[in-house]
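Here are my notes on this entry for a colleague who is opening it for the first time. Please read them with the sequence and the model side by side.

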Amino acid sequence: MPLLPLIVALHASFTSVLPLEQRMAIDVLAELNRARTDPVRYAESLRAYRGYYRDRVIVSPATANRYLTVEGVAPVDEAIEFVVRHNRRAPLSPAVALAAAANDHQVEQQRDGAVGHDGPDGSTPGDRVRRRGGGQYVGEVIAYGSEDAADVVRQLVVDDGVADRGHRTLIFDGSIRYAGVSCGAHPVYRYMCVITVARTKDGRPLSG
């Protein structure tokens, strides 16, 4: 068997035996890298997604469920223009400390139903990474209610209702090189994914 199909087959075999949450986290990182490394093709997927809008209502391509958006199709068009203007970005590598910090936050919000980036003790993403032995130079994005990896990343890239489009900007930041992803249940929004990113694998400053 050629090497690439063998790698794909092994990956599929490995992910099939993982718990759903772990498979979701792997898929989300892969989808992030698809957007970063091939923005032109990713923009094509956004154009296709645009066809599911009916005024401010989006009909989910995965489940046919209907969701009311804040801005309608406008941020999708804006996201398409944003993505095609960007050169290819380096793929994000998985990082243990970032994933552990993301998981800490996901588990807390699964328990208490909270949203946002602050922990119940007031901790920030940087605080959580420091507790895992890293540094504070990190960023974080969170998607609530998304039903699959494609929808998680699409939600963050479109950034409906977010005035500064901060999630979109961070996802395509060329200086970030590492990510940790944790996905799981949420008592209000059913699902959530926390993505913690940094320029280094543990959120410490770049040396030199």
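1. Arg88 is exposed, with a relative accessible area of 61%, where exposed means over 50%, buried under 20% and partly exposed in between (1.4 Å probe, protein chains only). Its side chain meets that of Asp38 in a salt bridge at 4.0 Å, N to O, a salt bridge being a side-chain nitrogen of Lys or Arg within 4 Å of a carboxyl oxygen of Asp or Glu. The pair links distant parts of the chain, 50 residues apart, since Arg88 sits in the loop between α4 (74-84) and β4 (93-94) and Asp38 in the loop between α2 (20-37) and α3 (39-50). Helices (H or I, at least four residues) and strands (E, at least two) are DSSP runs, numbered from the N terminus.

2. The model is predicted, and for that reason local features need pLDDT of at least 70 and side-chain atom pairs count only at pLDDT 80 or more, while totals for chains, interfaces and linings use all residues. Residues are numbered from 1 along each chain as its sequence is written, and side-chain values use heavy atoms, with hydrogens and water left out.

3. A second salt bridge joins the side chains of Arg128 and Glu140 at 3.1 Å, N to O. Arg128 belongs to helix α6 (residues 125-131) and Glu140 to strand β5 (residues 138-144), so the pair ties together parts that are 12 residues apart in sequence. Arg128 counts as buried at 2% relative accessibility, and Glu140 counts as buried at 10%.

4. In helix α7 (residues 149-158), Arg154 and Asp151 lie 3 residues apart, about one turn of the helix, and their side chains form a salt bridge at 3.3 Å, N to O. Arg154 is buried, with a relative accessible area of 15%, and Asp151 counts as buried at 16%. The search of the whole structure finds 13 salt bridges, and Glu71, Glu78, Arg165 and Arg168 are linked in a network of such bridges.

5. Which residues of α4 are buried? They are Pro75, Val76, Ala79, Ile80, Phe82 and Val83. These residues cover an arc of only 165 degrees around the axis, which puts them on the same side of α4, the arc being that of the directions from the helix axis to the C-beta atoms. They pack against α3, β1 (53-54), α7 and α8, with contact meaning heavy atoms within 4.5 Å.

6. The largest pocket has a volume of about 750 Å³. On a 1 Å grid over the protein atoms alone, a pocket is an open set of points with protein on both sides within 12 Å along at least five of seven lines, a cavity is a set where a 1.4 Å probe fits but cannot get out, and lining residues have an atom within 4 Å of a point. The pocket is lined by 30 residues, of which Tyr144, Gly145, Ser146, Asp151 and Gln155 lie nearest its centre. Helix α7 gives the most to this lining, with 5 residues, and by class the lining has 14 nonpolar, 10 polar and 6 charged residues.

7. The search also finds 1 cavity of 30 Å³ or more, and about 30 Å³ of space lies in the largest cavity. Leu32, Leu92, Val141, Leu170, Ile171, Ile195 and Val197 line the largest cavity, and α8 (166-171) and β7 (190-198) are the elements that give two or more residues to its lining.

Technical notes: Points joined across faces, edges and corners; volume = space filled by probe spheres on them. Nonpolar A, V, L, I, M, F, W, Y, C, P; charged D, E, K, R; others polar.
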